[in-house]
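This briefing is for a reader meeting the structure for the first time.

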Amino acid sequence: LALVVALILLFGNPLIGASGSMVVIASSAIGAGIAVIAGMGPAIGQGYAAGKATEAVGINPRSSKGVTLVMLVGQAVAQTTGILALVISLILLYGNPFASMEGAFIILGASALGAGIAMVGGIGPGIGQGYAAGKAAEATGKRPDQQSNITKIMFLGQAVAQTTGIYALIVSLILMYSNPFL
Amino acid sequence: MITGIELIKACSAIGAGLAMIAGIGPGIGQGYAAGKGAEAVGRQPEAQGDVTRTMLLGAAVAETTGIYGLIVAMILLFANPFI
Amino acid sequence: MITGIELIKACSAIGAGLAMIAGIGPGIGQGYAAGKGAEAVGRQPEAQGDVTRTMLLGAAVAETTGIYGLIVAMILLFANPFI
Amino acid sequence: MITGIELIKACSAIGAGLAMIAGIGPGIGQGYAAGKGAEAVGRQPEAQGDVTRTMLLGAAVAETTGIYGLIVAMILLFANPFI
Amino acid sequence: MITGIELIKACSAIGAGLAMIAGIGPGIGQGYAAGKGAEAVGRQPEAQGDVTRTMLLGAAVAETTGIYGLIVAMILLFANPFI
Amino acid sequence: MITGIELIKACSAIGAGLAMIAGIGPGIGQGYAAGKGAEAVGRQPEAQGDVTRTMLLGAAVAETTGIYGLIVAMILLFANPFI
Amino acid sequence: MITGIELIKACSAIGAGLAMIAGIGPGIGQGYAAGKGAEAVGRQPEAQGDVTRTMLLGAAVAETTGIYGLIVAMILLFANPFI
Amino acid sequence: MITGIELIKACSAIGAGLAMIAGIGPGIGQGYAAGKGAEAVGRQPEAQGDVTRTMLLGAAVAETTGIYGLIVAMILLFANPFI
Amino acid sequence: MITGIELIKACSAIGAGLAMIAGIGPGIGQGYAAGKGAEAVGRQPEAQGDVTRTMLLGAAVAETTGIYGLIVAMILLFANPFI
Amino acid sequence: MITGIELIKACSAIGAGLAMIAGIGPGIGQGYAAGKGAEAVGRQPEAQGDVTRTMLLGAAVAETTGIYGLIVAMILLFANPFI
Ligand code: NA
Ligand code: NA
Ligand code: NA
Ligand code: NA
Ligand code: NA
Ligand code: NA
Ligand code: NA
Ligand code: NA
Ligand code: NA
Ligand code: NA
């Protein structure tokens with residue numbers, strides 16, 4: 001309902017003497033804010049990885065180097081959906097494709113919102129991949145000799161966990177650059 | 001003036017975005033599986049094949065609702081029955 | 001001018017997107033099951049058959065509410081009683 | 001012109017989508033049960049019957065609020081008291 | 001023309017959908033109980049009766065807020081004080 | 001024509017639905033308690049009385065915010081100070 | 001015609017509902033405490049007094065933000081400074 | 001006619017409700033601390049003083065963001081700079 | 001008549017409320033740290049100083065994003081660049 | 001009359017508030033790290049240096065997406081490219 005009310009207020013309010021392009025840009029500002037919410041995912045995951053690495057280093061200080069490496073590599077993977085969200089947000093702010101597009105302003109504005117909302121899906125891969133990084137760091141602390149096997153399965157699992165984040169990006173990019181509604 | 005078709009298209013764009021939020025689930029779940037897989041391989045490196053197979057089988061099952069969300073978004077975008 | 005039918009279609013598109021959010025649940029839950037399955041197979045490779053069967057049975061049960069969401073979205077899109 | 005009945009139908013479509021979000025819960029919970037079941041079966045394969053029965057009994061209990069959401073969505077779609 | 005009563009009905013449909021979201025909680029919680037119950041039965045099959053009883057008692061307590069949500073939705077749909 | 005009182009009633013219906021979302025919390029928490037209770041009873045069947053009492057005492061405490069949500073919803077529906 | 005005061009009242013009803021969502025937190029947290037309390041009492045029945053006291057003390061602390069939400073909702077409903 | 005000041009007040013009521021949602025966090029976190037405290041007291045009753053002190057110190061730290069939310073809500077309600 | 005400045009103020013009130021939701025995170029995280037701190041102090045009372053210092057250091061780090069949210073809310077309320 | 005620039009400013013205020021919600025993540029994650037750090041220091045006080053370094057390094061990484069949210073909010077507030 002909030003969405004519908006927001007839409008009506010944004011696009012159908014007779015009190016607003018804004019031109020269509022201004023409404024599109026206003027929607028883009030909200031979309032840019034929504035997109036970066038995805039960042040909560042990587043942060044939760046990376047924090048988990050940090051905690052597990054900390055635990056592993058405490059238990060086996062000699063494994064510190066390997067554990068830290070696995071943690072950082074795993075965290076880097078977990079960061080991706082956060083970066084993608086930031087990129088979409090910055091595009092909406094500085095390279096807004098909707099500003100120059102021809103079409104009904106309500107479609108353009110709602111597409112800007114939709115592009116931002118879709119990126120929120122990136123929370124999941126961020127948390128999950130961070131969990132994987134944490135467990136891999138823990139396992140490396142316990143069996144430093146298995147670091148390469150552990151890292152390999154971590155990457156494999158993280159790749160699988162990335163897919164829904166990519167789906168979200170695809171939908172967002174379609175709305176921005178190949179909008180079928182225009 | 002906003003036409004009805006334009007409103008449908010606008011709300012379909014938002015609906016497509018909302019559907020993608022489903023992707024949070026598989027992302028968390030499969031990442032958990034990845035972590036447990038890494039843990040298990042660290043403990044029993046000799047069981048790596050079995051562990052990986054079970055992990056991937058379970059992760060494939062966990063992917064489905066993310067795919068459902070993608071399908072609904074794609075229908076809204078490219079095969080919209082309302083337009 | 002927006003007609004009532006067009007408003008219904010627009011809101012149905014949003015409703016369909018909202019319904020898919022249910023997919024978060026099975027995604028997390030089945031991923032958890034996948035992780036626990038991989039762990040169990042790593043520990044008792046000889047029980048792989050039983051573990052996988054239990055995991056898949058439980059995951060099938062966990063899928064239902066994701067399917068409910070998909071069904072409601074499909075009804076809204078293709079068999080909308082309001083139109 | 002949008003009539004009141006059409007507005008009710010439009011909002012009922014959104015309400016039905018919202019009600020399905022309840023499905024997140026059973027999806028996570030039953031997936032947890034599936035994972036714990038797989039773990040228990042891996043540890044005590046001889047208790048597979050008891051474990052599976054308890055898992056399914058608990059999962060049935062966990063399904064109810066997902067069903068409530070489905071029922072409310074179905075009422076809104078097919079037996080709407082407001083129309 | 002949309003009348004006030006029709007607006008109330010439209011918003012009640014959305015309110016009913018929102019109230020069902022409470023069902024996420026019991027779904028997760030009872031699923032957790034199911035998993036822990038299955039684990040406990042696997043470990044102590046002889047305590048199956050006690051474990052199941054405690055699990056079901058606790059799950060009944062956990063159901064209440066889901067029922068509250070259902071009650072509020074039913075009031076909004078079938079015994080709406082505003083209409 | 002929509003009057004102000006009717007708008008208040010419509011928004012109160014939404015507010016009542018929102019207040020029920022609080023029920024997610026007790027549902028998860030009490031389900032966790034149920035699971036831990038079942039586990040404890042499985043391990044120490046002789047402590048069943050103490051375990052159940054502590055579980056129910058803690059669950060009663062966890063129920064309060066769900067009740068607060070229900071009270072606010074009931075006030076909005078049946079004792080609305082704005083109408 | 002909708003007056004400004006009526007719009008404030010309508011939005012206050014929604015604000016009151018939103019404030020109650022805070023109740024998710026204490027519900028989960030206190031339920032966790034209940035579960036841990038039950039577990040501890042099962043293990044050390046002789047420490048039941050100390051365990052219960054600590055659990056209730058901690059749960060009281062965890063209740064505060066739920067109370068804050070209730071207070072803000074009550075202010076919006078019964079002591080609204082905007083009306 | 002709705003004036004600008006009245007719109008600000010209406011939106012401030014919603015903003016105050018939104019700010020309270022922050023309370024979910026301390027509720028979960030402090031409840032976790034309560035559970036861990038109860039567990040620790042059960043294990044080492046002789047360390048009850050130290051455990052309780054650490055639990056309360058940590059819980060005080062965890063309360064802050066809930067207080068921030070309350071402060072912002074109170075500013076919006078009673079010291080609104082926009083009115 | 002609503003002026004543009006008044007609309008900005010109304011939306012800033014909502015924006016300030018939204019920004020506070022960030023406080024969920026530090027609340028959960030610091031509460032987790034409090035619980036782990038209490039557990040560690042119970043196990044090694046002699047390490048209480050070190051444990052508490054580490055807990056508070058980590059909790060301080062976890063507070064930052066809650067402070068960011070508060071800062072943005074305060075800017076919107078008291079140093080709004082749009083007005 | 002509300003001008004377009006004023007509408008952009010109003011929506012930018014909401015966007016800035018929404019962006020801060022990302023801060024939930026670092027709060028939870030870093031708090032988890034803090035808890036694990038406190039636990040590790042309690043177990044191996046002699047490893048305090050290594051433990052703290054790893055905790056802070058990992059927590060620094062977990063801060064980044066919270067900073068992204070702050071940057072986007074600051075851009076919307078103070079370097080808004082749309083105005
Ligand atoms: Na990623
Ligand atoms: Na995936
Ligand atoms: Na699935
Ligand atoms: Na299910
Ligand atoms: Na149930
Ligand atoms: Na309950
Ligand atoms: Na409570
Ligand atoms: Na508190
Ligand atoms: Na804090
Ligand atoms: Na931080």
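Chain B and chain A bury about 3800 Å² between them, with 78% of that on carbon and sulfur atoms; buried area is the accessible area (1.4 Å probe) that two parts lose on being put together, summed over both. On the chain B side, B:I14, B:M20 and B:L77 lose the most area to chain A, together 15% of what that side buries. The model is predicted: local features need pLDDT of at least 70 and side-chain atom pairs count only at pLDDT 80 or more, while totals for chains, interfaces and linings use all residues. Residues are numbered from 1 along each chain as its sequence is written, chains are lettered from A and ligands numbered from 1 in the order in which they are written, and side-chain values use heavy atoms, with hydrogens and water left out.

**Contacts between chains**

- Contact means heavy atoms within 4.5 Å, and 49 residues of chain B are in contact with 50 residues of chain A.
- One salt bridge is counted between chain B and chain A, the term meaning a side-chain nitrogen of Lys or Arg within 4 Å of a carboxyl oxygen of Asp or Glu.
- A:K135 and B:E39 form a salt bridge, with their closest N and O atoms 2.8 Å apart.
- Chain A and chain G have no contact, and their closest C-alpha atoms lie 11 Å apart.
- Chain C and chain J are likewise without contact, their closest C-alpha atoms being 17 Å apart.

**Sodium sites**

- The sodium ion (ligand 6) has E:V61 (O), E:T64 (OG1), F:Q30 (OE1) and F:E63 (OE) as protein donors, at 2.1 to 2.4 Å; donors are N, O and S atoms within 2.8 Å of the metal (3.2 Å for Na, K and Ca), and sites may look incomplete since water is not among the atoms.
- Of these, E:V61 belongs to helix 3 (residues 48-78) of chain E and F:E63 to helix 3 (residues 48-78) of chain F, a pair that crosses between chains.
- E:V61 is partly exposed at 22% relative accessible area, whereas F:E63 is buried at 10%; buried means under 20%, exposed over 50%, and partly exposed in between (1.4 Å probe, protein chains only).
- H:V61 (O), H:T64 (OG1), I:Q30 (OE1) and I:E63 (OE) coordinate the sodium ion (ligand 9) at 2.1 to 2.4 Å.
- Because H:V61 lies in helix 3 (residues 48-78) of chain H and I:Q30 in helix 2 (residues 24-43) of chain I, the pair joins two chains.

**Helix 1 of chain C**

- Helices are DSSP runs (H or I, at least four residues), numbered from the N terminus.
- Helix 1 (residues 4-20) of chain C has 16 of its 17 residues buried, so it is largely enclosed by the rest of the structure.
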